[in-house]
Amino acid sequence: MIEFTVNGTKRQVDVTPDMPLLWVLRDELGITSAKYGCGVAQCGACTVHIDGLAVRSCQSRIGDLAGKSVVTLDGVDGRDQHPVVQAWIEHQVPQCGYCQTGQIMQAISLLDLIPKPTDEQIDQVMSGNLCRCGTYPRIRAAIHTAAAKKMAEK
């Protein structure tokens with residue numbers, strides 16, 4: 001049994017330690033907000049936070065996560081009112097929407113690390129999250145808006 005915390009709840013799973021976290025979340029725990037995109041950590045659709053850092057769940061072995069904390073978009077505090085989620089809506093970022101949970105989780109992590117990022121910092125940090133619809137200008141604008149909202153809340 002491997003014990004870890006998911007979205008604030010301690011969970012135990014009886015799976016092979018080599019199983020990717022993405023499969024544990026989706027197939028064992030029924031948490032489907034992290035999406036399968038490429039399976040090789042190149043697209044970012046599966047991005048979650050592990051102990052506060054944005055990580056690709058498709059390449060994170062569950063055996064390495066014992067005692068750690070995993071947060072998916074479902075577990076983000078005040079998710080619907082979170083400044084990043086609100087900015088995504090305001091800037092109408094999603095088109096097909098498939099990559100958006102990973103994009104949002106990466107953006108939240110970015111703003112936790114760099115509260116007022118430049119365009120270059122946004123582009124660099126977000127470059128591992130692919131959007132086949134090409135909404136990158138909207139993503140950048142939404143991140144700037146979310147940063148301003150977070151600063152105003154302080």
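**A tour of strand β3 and the cysteines**

Start at the hairpin of β3 and β4: two residues lie between the strands, and Asp51 takes a positive phi near 50°. Strands here are DSSP runs (E, at least two residues), numbered from the N terminus. The model is predicted, so local features need pLDDT of at least 70 and side-chain atom pairs count only at pLDDT 80 or more, while totals for chains, interfaces and linings use all residues. Residues are numbered from 1 along each chain as its sequence is written, and side-chain values use heavy atoms, with hydrogens and water left out.

Next, select residues 47-50, strand β3. Thr47 and His49 are buried on one side, Val48 and Ile50 on the other, and both faces are covered. Buried means under 20% relative accessible area, exposed over 50%, and partly exposed in between (1.4 Å probe, protein chains only).

Look across from His49 to find Ala54 in β4.

Now show residues 69-71, strand β5. This strand runs antiparallel to β3, joined by two bridges. Val71 is the bridge partner of His49 in β5.

Cys46 counts as buried because its relative accessibility is 3%. Move to Cys96: the nearest cysteine sulfur belongs to Cys133, 3.7 Å away, and Cys96 is in no disulfide. Cys96 has 41% relative accessibility, so this residue counts as partly exposed.

Note on methods. Helix = DSSP H or I, 4+ residues; strand = E, 2+ residues; numbered from the N terminus. Pairing = 2+ DSSP bridges. Disulfide = S-S within 2.5 Å.
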